[in-house]
Amino acid sequence: LPQRSETERDGPSRSPRGEGPSDGTHSERAPCDPEATTTTAGQPSAATPPLLGNRTDACWVADLRAGGRRTSDALADLSGILRRGLARGLFRDRPRAERDENEIDDHVQEALLRILDRLDSYRGDARFTTWAIAVAVRVALTRRRSAQGRDRTWSQLAPGETLQFPTLPAVADEVEGAEERRHVVEALRRSIAEGLTERQRHVVLAELAGLPKDRVAADLGISTNALYKAGHDARVRLRDELVARGVTAHTVHEAFATLETASYSHAPATKEEP
Amino acid sequence: VTDSDLERIAALAKATLATRPDEIDCEEWLARVAAYLEHRGSADPLPPELQLVANHVEICPACRAELDVLAAALDAERT
């Protein structure tokens, strides 16, 4: 896979339509028509410009599948795009000098392999480069989580030791929503202890312990998708248990209103200025 | 208990009450999130298949973190 030199790294930005500096440009040898305006799936893509670096979505896929020079050129171009995206996404709050370039390089190399491996899963309902950056972000954060959780995995628990629900100190009465918080936490603790199967309990407590999903899945000998399914089944049962104990969405909101957690909104923005 | 413990308890409580039968898993979320983010520039209502992307991040902290990073990466690309 292509390695970029220091001067090639993190090249200048370009607009989504591909105007601007040349990093990521399409090889002149490639037979794809850079003026094409359809996505791989053949959908009109006026709302989401298909061009980045003068390559259509279909050209990206074709070039990455072609082999030889076309593929190596496409990988080099895609490498630059992923590098810029990861640098700005992962280190957006830090000066450029504080970016870990080696970490970004490792993520990009792994992401390119993953993208080649999963090319068939690109559905053409978004720009290819947007999809590719999404895959790269998945790769990068999974690698980071695995590194952070390396010393704390399920299989390293002592024999007979099980994950425990966190012990919560007394909540002072003056804390906003203190009564609701006590109620929700105790209902959750009892629901996990009494309302779940052993495996479901393990899955939920692993999540509460902050263990990385891939690690937990590996320890249980299941895929991450199967782990998600197990977690979903556990939450369905937990929801019924919580409701039976009088916990509502309003109660939870009141209990944790002072915490900045778990409410993420990426609602569609209003129409962008042209 | 640490702040992280408390935050995870809060996140679990919220995710539990937001649980729905038609949830998508993390792999399906990854397949749809690019279209979801590109829809941000549209005035059209979010299609049901993309609404499930929004629902998933209310439940899955890992994908929520990925969306945060991805949105920043794409916003930077557009500026």
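1. Of the contacts in chain B with a separation of 6 or more, 64% join residues 24 or more positions apart. Contact here means heavy atoms within 4.5 Å. This is a predicted model: local features need pLDDT of at least 70, side-chain atom pairs count only at pLDDT 80 or more, and totals for chains, interfaces and linings use all residues. Residues are numbered from 1 along each chain as its sequence is written, chains are lettered from A and ligands numbered from 1 in the order in which they are written, and side-chain values use heavy atoms, with hydrogens and water left out.

2. Fold and extent of chain B. Chain B has four helices and zero strands. Its elements run α-α-α-α from the N terminus on. Helices are DSSP runs of H or I with at least four residues, strands runs of E with at least two, both numbered from the N terminus. The C-alpha trace of chain B spans about 40 × 30 × 25 Å along its principal axes.

3. Burial and surface of chain B. Of the 79 residues in chain B, 62% are buried. Buried means under 20% relative accessible area, exposed over 50%, and partly exposed in between, with a 1.4 Å probe and protein chains only. Chain B exposes about 2,700 Å², and carbon and sulfur atoms supply 51% of that area. Areas come from the Shrake-Rupley method with a 1.4 Å probe.

4. Charge in chain B. There are 7 positive and 16 negative side chains in chain B. Lys and Arg count as positive, Asp and Glu as negative; His and the chain ends are not counted. The centres of the two sets lie 3 Å apart, with each charge placed at NZ of Lys, CZ of Arg, CG of Asp or CD of Glu.

5. Helix α5 of chain A. This helix covers residues 178-195. Its 18 residues should span 26 Å at 1.5 Å a residue, and the end C-alpha atoms are 25 Å apart, which agrees. The expected span is 1.5 Å times one less than the number of residues. Buried positions in α5(A) include A:Arg181, A:Leu188 and A:Ile192.

6. The whole structure holds four aromatic pairs over all chains. A:Tyr122 and A:Phe128 have ring centres 5.2 Å apart and planes at 90°, so they are edge-to-face. A:Tyr122 and A:Trp131 are tilted, at 5.4 Å centre to centre and 45° between the planes. Rings of Phe, Tyr and Trp (its six-membered ring) pair if their centres lie within 6.5 Å; planes under 30 degrees apart are stacked, over 60 edge-to-face, the rest tilted. Ring pairs link A:Trp60, A:Tyr122, A:Phe128 and A:Trp131 into a cluster. A:Tyr122 counts as buried because its relative accessibility is 6%. A:Trp131, at 3%, counts as buried too.
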